[in-house]
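Have your viewer ready, and follow along as the topics come up.

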Amino acid sequence: MTAGPGAPAGGAARPHRAALAVLAGACALFALLQLGVATLLPQVQQAFGVSGSDASWVVSGHLLVGCVATPVVSRLGDLHGRRVVLLAVLAVVAVTSVVSALTGSFAVLLVARLVQGVAAGLFPLCVGLLREGFPGLSLSGPSGVLSAAFGTGGGVGAVVAGLFGGGLPALRTLFAAAALLAVVLLVAGALLLPETPRRPATRIDVPGLLLLGIVSSALLLALTRYGREGVGSVTGAVLLVIAAAGGALLLRVERRSPEPVLDMRLMSRRPLLCLNVVSLLTGLVMFEIGVFAPALVTAPRETGYGLGGSGAVLTLVMLPMQIGALSGGLLSGRLRESGRASARTVLAASAVLFASGPVVFSFLPASAPGLALGTALNGLATGLLGGAMAELLVQSSPSGSTAVTVGLNGVLRNLGGAFGVQVGSMMLMVAGDAGGHPSALAYRAVFIGTAVLAVVGVGAAFLFPRSPAPLPRPDVPVPPGHSSRPIRPTT
């Protein structure tokens, strides 16, 4: 990485590798708790004897809380400094991971997973620390490292399932690994990470957050009721009405809020609008494949599509996603850092790859190689997207709003994932056959619908401006009594 404008003199400036490793580890932990757990939903069903719809709440409920937690954590990072808040989130993750590893109750696991939703704030905190802790340096290489780490963490669930099989042993191993990683990062972060400037004037939009949580919860619960009771569900209809009324009130409140959690003015800017649409729809694809690919592997062969596979087959199918994500993240950083491809080009390529995954699942015959190809495409797209998205968000954000835009983008990715998992689970439950398993046609309908939505994401990626207008970025003043210690670059 060559020194950028304002970088310290003395040769090729590079970020402090140890501090960057802590941030990468936090991103890997974040992915482990999202995608890693998503791949173990069949194990959740087996261990606790719950339905697929109920088990999906271990993922969608976690993502839902993450939607509300992301802007809160980002704002708290502005108020108290990102390093302190990052360490606090790691402490919460460590405790809830221990509880998740030890419990034998599905209710306790679900509550722990909901609290773990605060981990969604790790990514915007890492991006903020990366931006303010590496002043004057290109973000291309470091953001690629974070993206690769995200992909690596997301594939841990498949490896654990392959080694420990189904049931509680796989779940307990995964959460024990998460707890250990959180403790290690907590200690290392306290020693290595810099503090960032505090912004005492920052406010948290409590009404907006509460309304966002109510609207999202009502929609997800409505989908669950429709899955259980059919399209004529009265409870589902009432929940949809509540969601619609709450959505209208949310828009009204956010227009009047001085620091809204959903800033309509920022969202309406073409660059940010395109990036948010891409995150919403690629998040949907990412989590649907992460959840439903393991279900296809473990389904009985009698269904006509299931592989009836063991843990070894699941690893064979899901490991390409991890390898693809790791390779994609590193490749994304190198391409952008060397100037061979712009962040916009990488964004468009990743969107196309995301759309290719569900197409493969829709039309290739059910086989381990076919499923492995679909997960590999999904992983490669995930790795490519992460670093490019972070760079474009920073470039497209008005001065002083980077934390807000990165947090909002994370909220939309989580919403896309939560709704993708819940809508897909609802469709599969409604189309269950006499044996209690969804039909092959139902799975095909889910993946075709996902592919169509992913194509919309491709269009949004190509609509991102080729040369967005440069935005002024004056240095943020440090309030009296506080200090900012940027990560010292090595040469």
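## Ground rules

This is a predicted model, in which local features need pLDDT of at least 70 and side-chain atom pairs count only at pLDDT 80 or more, while totals for chains, interfaces and linings use all residues. Residues are numbered from 1 along each chain as its sequence is written, and side-chain values use heavy atoms, with hydrogens and water left out.

## Cavities

Rolling a probe the size of a water molecule over the atoms shows where empty space is left. Here a cavity is a set of points, on a 1 Å grid over the protein atoms alone, where a 1.4 Å probe fits but cannot get out. Grid points are joined across faces, edges and corners, and a volume is the space filled by probe spheres set on the points. Searching the whole structure this way turns up seven cavities of 30 Å³ or more. The largest cavity holds about 200 Å³ of space.

Its lining (residues with an atom within 4 Å of a point) is made up of 16 residues, and Phe123, Met286, Leu385, Gly386 and Arg413 lie nearest the centre of the cavity. At least two lining residues come from each of helix H7 (140-154), helix H13 (270-298), helix H16 (368-396) and helix H17 (402-430); helices are DSSP runs (H or I, at least four residues) numbered from the N terminus. H16 gives the largest share, six residues. By type, the lining has nine nonpolar, six polar and one charged residue. Nonpolar covers Ala, Val, Leu, Ile, Met, Phe, Trp, Tyr, Cys and Pro; charged covers Asp, Glu, Lys and Arg; the others, Gly among them, are polar.

## H13 against H16

The axes of H13 and H16 come within 10 Å and cross at roughly 155°. Axes are lines fitted to C-alpha atoms over the stretch in contact, and angles run from 0 to 180 degrees between N-to-C directions. H13 and H16 are therefore roughly antiparallel (over 145 degrees).

Contact means heavy atoms within 4.5 Å. Among the residues that meet are Leu275, Thr282 and Met286 in H13 and Thr375, Leu385 and Met389 in H16. The contact of H13 with H16 divides into 15 nonpolar, six polar and no charged residues.

## H1 against H3

Helix H1 (residues 17-38) packs on helix H3 (residues 52-80) at an angle of about 155°, with the axes 9 Å apart. H1 and H3 are therefore roughly antiparallel to each other. Leu33, Gln34, Val37 and Ala38 of H1 make the contact with Val58, Val59, His62 and Leu63 of H3. Six of these residues are nonpolar, two polar and none charged.

How values were computed: 1 Å grid on protein atoms, 1.4 Å probe; cavity = no way out; pocket = protein on both sides within 12 Å on 5 of 7 lines; lining within 4 Å. Parallel < 35°, antiparallel > 145°, perpendicular 65-115°, else oblique.
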